[in-house]
Amino acid sequence: MKTILNIIWLVLSGFWLFLGYVAAGLLLCITIIGIPFGIAAFRIGVYALWPFGYTTIERRDAGAPSCVGNVLWLVLAGWWLALTHIVTGLALCVTIIGIPFGIANFKLVPLSLMPLGREIVSTDEPFAGRY
């Protein structure tokens, strides 16, 4: 079931989200200061490409720099990315067929708000990254 949902997601919106996050990541990687944010954008892009069957967990070894980076990300980009995912998720939830895709958009909201210090893992092993 996850594969079918991922293929439909990829065709309808995942590919375009992936391209948008990759383009943003390339722009962010132009400066040395933007490289961590660019890597976070690439990570979100890969997750947006194939979201079903994966989840995000908090990395325990992420320290104060990721906290400061998350505050910067939240102020500069995170709030409008999260708002976009919420609006798109609500629009997709209007139809019964679109509900799983709306939920996938809602799964992207926390990651788009604060991507640093997060890890994407398979839902089959959600506690693998903690050890």
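Me: UniProt positions are given here in the numbering used for this chain, and such annotations may be inferred rather than shown by experiment. Which residues does UniProt list for "transmembrane region"?

Reply: The structure is a predicted model, whereas the spans come from an unreviewed UniProt entry. For "transmembrane region", that entry lists residues 7–24, 30–50, 62–80 and 86–106.

Me: How far apart are the end C-alpha atoms of residues 62–80 in the model?

Reply: UniProt includes residues 62–80 among its "transmembrane region" spans. In the model this span is 89% helix and 0% strand. Its end C-alpha atoms are separated by 24 Å.

Me: What percentage of residues 30–50 is helix?

Reply: Residues 30–50 are another of the spans listed by UniProt as "transmembrane region". The end C-alpha atoms of this span lie 26 Å apart, and its strand content is 0%. Its helix content is 71%.

Me: What is the distance between the end C-alpha atoms of residues 68–118?

Reply: The unreviewed UniProt entry assigns "domain: Inner membrane component" to residues 4–53 and 68–118. Residues 4–53 are 80% helix and 0% strand, with end C-alpha atoms 11 Å apart. Residues 68–118 are 78% helix and 2% strand, and the corresponding distance is 14 Å.

Me: Why does the end-to-end distance of α2 agree with expectation, and what is that distance?

Reply: Helix α2 has 15 residues, and at 1.5 Å a residue it should span 21 Å.

Me: Which elements do the buried residues of α2 pack against?

Reply: The buried residues of α2 include F37, I44 and Y47, as well as the glycines G38 and G45. Their packing partners are α1, β1, α3, α4 and β2.

Me: Which elements do the buried residues of α4 pack against?

Reply: Helix α4 covers residues 99–113 and reaches 22 Å from its first C-alpha to its last, close to the 21 Å expected. Its buried residues are F101, G102, A104, N105, L108, V109, L111 and S112. They pack against α1, α2, β1, α3 and β2.

Me: Which residue provides the backbone oxygen that lies 2.9 Å from a polar atom of the S66 side chain?

Reply: S66 is in helix α3, and its relative accessible area is 15%, which means that it counts as buried. Leaving aside residues up to four places away in sequence, S66 touches L116 and G117. The backbone oxygen belongs to G63.

Me: Is L19 buried or partly exposed?

Reply: L19 is found in helix α1. Its C-alpha lies 20 Å from that of L76, a residue 57 positions away in sequence. The relative accessibility of L19 is 36%, so the residue counts as partly exposed.

Me: Which residue forms a salt bridge with D61?

Reply: The count for the structure comes to 1 salt bridge. The closest N and O atoms are 3.1 Å apart, and the partner is R59.

Me: How many disulfides does a search of the whole structure find?

Reply: A disulfide requires two cysteine sulfur atoms within 2.5 Å. Among the cysteines, C67 is partly exposed at 47% relative accessible area, and C93 is partly exposed at 28%. The number of disulfides found in the whole structure is 0.

Terms used. Residues are numbered from 1 along each chain as its sequence is written. This is a predicted model: local features need pLDDT of at least 70, side-chain atom pairs count only at pLDDT 80 or more; totals for chains, interfaces and linings use all residues. Side-chain values use heavy atoms; hydrogens and water are left out. Buried means under 20% relative accessible area, exposed over 50%, partly exposed in between (1.4 Å probe, protein chains only). Helices (H or I, at least four residues) and strands (E, at least two) are DSSP runs, numbered from the N terminus. The expected span of a helix is 1.5 Å times one less than its number of residues. Contact means heavy atoms within 4.5 Å. A polar contact is a pair of N or O atoms within 3.5 Å; within protein, one must be able to donate a hydrogen and the other to accept it, and residues adjacent in sequence count only if both atoms are side-chain atoms. A salt bridge is a side-chain nitrogen of Lys or Arg within 4 Å of a carboxyl oxygen of Asp or Glu.
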